[in-house]
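Could you walk me through this structure, piece by piece? I'm new to it and would like a plain tour.

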Amino acid sequence: RESPAAMPAFRQVGEKQLPQEVVFMCWSPKRDLIALANRAGEVLLHRLANFQRVWSLPPNENTGKEVTALAWRPDGKILAFGLADTKRIILCDVEKPESLHSFSVDLSITYMHWMEVTEESSVLTSFYNAEDESNLLLPKLPALPKNPNYMVCIFSEEKSDEIMKLLGDVRLNALVLGGSSGFIEIYAYGMFKIATVNGVAGSCRGLCLSSDLKSLSVITEIRNSSDSEAEITYFQASKLDTSLLSSYLPEVTRMARKFTHISTLLQYIKLSLTCMCEAWEEILMQMDSRLTKFVQEKNTTTSVQDEFMQLLLWGKASLELQALLMNQLTVKGLKKLGQSIESSYSSIQKLVISHLQSGSEALLYHLSELKGMALWKQKYESLGLDASGIEEAITAVGSFILKANELLQVIDSSMKNFKAFFRWLYVAMLRMSEDHVLPELNKMTQKDITFVADFLTEHFNEAPELYNRKGKYFNVERVGQYLKDEDDDLVSPPNTEGNQWFNFLKNSTHLKESPLLFPYYPEKSLHFVKRQMEGIIDQCLQKPADVIGRSVHQAVCLPLYKISQSEDSTPQLFKLPFLWNDKTSNIHYVLFTILENSISKIHILRRHTDTSRSVSNGILAVEFGNILNNSINESSDSRCYSCLDAHFYDDETVTVVLKENVEQEGKERVLAQLPLSSVYTDEDQDRKFIWDSTERLDERSGEIPTCTVVLENQWRVLENMKAQYVSVNGIRKVSCVLSSNLRHVRVFEMDVEDDGEVEEEEEEETT
């Protein structure tokens, strides 16, 4: 077989055999990077040049191991992937394998599409250009302490700019998720749900939201329990009848921007609490490890508390206590213990003052702004923003701030007692060892003695009900009870007796019910109040998603074809159909193949999103003429290629992988560029097919108009490779071909000679 003398089109720039089977490929829209997910649950990022690996994110217990979808944010700075086993969506930084944000969904995700809104209007432009006021009015959130234990930490020292990276550009972009059982949700900026779409049947196989937000196309796979074969159906939901998202675009953008600020702040507060709990665990471990031994080895009947009291009152310790203090604790050890506990206490205090309070104040600011938006009814009421719900959320944040302040007071008093106790014990131990005691340490006022006595009564009651918890030999519950993530009431709630403000409130009939006062839960922990606040905020921000979702109506539903059982083993991503939205002419395209006379033919379905046109559906089948100049079967039937995979390269070209159908040695696979101009030579040829939505297309495949294309120079034989799938990016002019065993990858630069392109464009214009 002679190959053509011409230089092969497309330049190969890399080839790799991969250790794991690849199940997803997705090119970055802005850079020469391709994201892959493999069967092991790993997400990898490779560079175009030599297919060099940039980073890999191994599967993780918390996030999940079964990747089912990938999508890039339109600016290429964030990669999103969905996990089936944990039903989570992770947003990952392109620079390094780190999760910046994650959220849970109700069903496992089967497809993702991340689009950017290209609509322009003066209102939007002024919003895009205006500086975010919150940056001017609110202080910058302090960074959280570094911690290797949790994966998501975009708030640590050197990363305060990552919040801005996560929020990204102000221009609205939307992550559309499709899942099993007709699940479709739209997330603004990839973070906040702005629509839950209902009324679509089946499991989602493809999605496309037009860039003006007027129409959403969905392809689903519907399985009847009795039928072993699944049916592929094309839905198009046209939002034109409500045009809610598109006509309220500036409002939706503003609202979504606020929502994303609120969800990052909730995450910030959650992480601050995690840091506080860790500092607390540190205190428990220190105290327990030092005192446990003493309690366990103690032979006398008196309690630890009594032994210390005796030392405080008479200045003389029992021999046992003396032995514990001098041999096990030692003066040096006591000093160290005192310092480490004090630093843990002060780090909790710092976290409350600088992190919890500034985070909650920023939250109050954004919620109040949102309430102002909700009160502007003509603009925001139809989007489902509800002022009374937001009012409740503001109240819940107020209660949380009150609780954080209460914790501060508790820490303050605990620290006073604690310092007095350690200082007194230090002096007592110096005396036991007959060391010199400095005169300033020797002074002890009545107040100090009270602090020590308080500390002993508070922390050394042996409470049998606490024996199975940490800190079981003495009770350090005062601060710890606030940080427990449980619904139990506080073990020792703050004493409010004699508090003038409480008495005043009790006696005033009007103030009790006043909406101006934040409710206060004296019996509850900080965690409990935080969970309550999160629940109320989620509920109030959920309403717009339901309202916008209900406004989406189905415009058309077309059954396409049945898929055989044998195809089901291939990974979800690579199966056609493939959806494409032509932004300039507002046309949605669907690519799919139908088997006809053992040849898999590519079909192109065109649908104008502008429903004012009388005929908006067109379909065309494409077959490929003889590409390879085979001297042997020159005269044989020209329809000798099956299409294995097809993707839109850009608005004018489709990239296809073809396979020869002639049974002979060395069947070659071909990578080719199919210009749409060579398919649509006659504007109305794809409209000749008479649609009947009761019948599937594959049952009438003989009636579908067919166009035979002979490719001139835009193809290349893929030698020594059973190519099966392709992933392309027309912006960067690159493609990646994957073999049928899912492990062999080849990468090409697709930019062919300029002359061909010019001719193609001219041809396009004439049509």
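**A walk through the model**

Helix 10 and helix 16 cross each other in a left-handed way, where left-handed says that the near helix is turned anticlockwise from the far one by less than a right angle (clockwise would be right-handed). Helices here are DSSP runs of H or I with at least four residues, strands are runs of E with at least two, and both are numbered from the N terminus. Before going on, keep in mind that this is a predicted model, in which local features need pLDDT of at least 70, side-chain atom pairs count only at pLDDT 80 or more, and totals for chains, interfaces and linings use all residues. Residues are numbered from 1 along each chain as its sequence is written, and side-chain values use heavy atoms, with hydrogens and water left out.

Back to that pair of helices. Helix 10 covers residues 387-432, and it packs against helix 16 at an angle of about 165 degrees, with the axes 9 Å apart. The axes are lines fitted to C-alpha atoms, for helices over the stretch in contact, and angles run from 0 to 180 degrees between N-to-C directions. Helix 10 and helix 16 are therefore roughly antiparallel; the cut-offs are under 35 degrees for roughly parallel, over 145 for roughly antiparallel, 65 to 115 for roughly perpendicular, and oblique for the rest. On the helix 10 side, the residues making the contact include Gly389, Ala393, Phe400 and Leu407, and on the helix 16 side they include Leu526, Met533 and Cys540. Contact means heavy atoms within 4.5 Å. Sorted by class, the contact between helix 10 and helix 16 has 13 nonpolar, two polar and three charged residues. For that sorting, Ala, Val, Leu, Ile, Met, Phe, Trp, Tyr, Cys and Pro count as nonpolar, Asp, Glu, Lys and Arg as charged, and the others, Gly among them, as polar.

Now bring in helix 8. The axes of helix 8 (residues 331-375) and helix 16 (residues 526-550) come within 13 Å and cross at roughly 25 degrees, so helix 8 and helix 16 are roughly parallel. This crossing, too, is left-handed. Leu356, Leu363, Leu367 and Leu370 of helix 8 meet Leu526, Met533, Ile537 and Leu541 of helix 16. The class count for this contact is eight nonpolar residues, no polar ones and no charged ones.

Helix 8 also packs with helix 10, at an angle of about 170 degrees and with axes 9 Å apart. That makes helix 8 and helix 10 roughly antiparallel. Their crossing is left-handed, and their contact has 33 nonpolar, eight polar and seven charged residues.

What does Leu138 touch, leaving out residues up to four places away in sequence? The answer is Ala362, Tyr365 and His366. Leu138 itself sits in the loop between helix 2 (133-137) and helix 3 (160-167). From Leu138 to Glu361 is 223 residues in sequence, but 8.5 Å in space, C-alpha to C-alpha.

Six bridges join strand 1 to strand 29 (residues 744-749) in the antiparallel sense, and Lys16 stands opposite Val745 in strand 29.

Another open sheet of four strands runs 2-3-4-5, again with antiparallel pairing. Its edge strands are strand 2 (22-27) and strand 5 (53-57), each pairing on one side only. Strand 2 and strand 3 (residues 33-38) run antiparallel and share five bridges, with Leu36 of strand 3 as the bridge partner of Met25.

How far can you trust all this? The average pLDDT of the protein is 78, and 81% of the residues score at least 70; pLDDT is the predictor's confidence in each residue, from 0 to 100. Where pLDDT is low, the predicted coordinates should not be read in detail.

Definitions and conventions. Two strands pair if DSSP finds at least two bridges between them.
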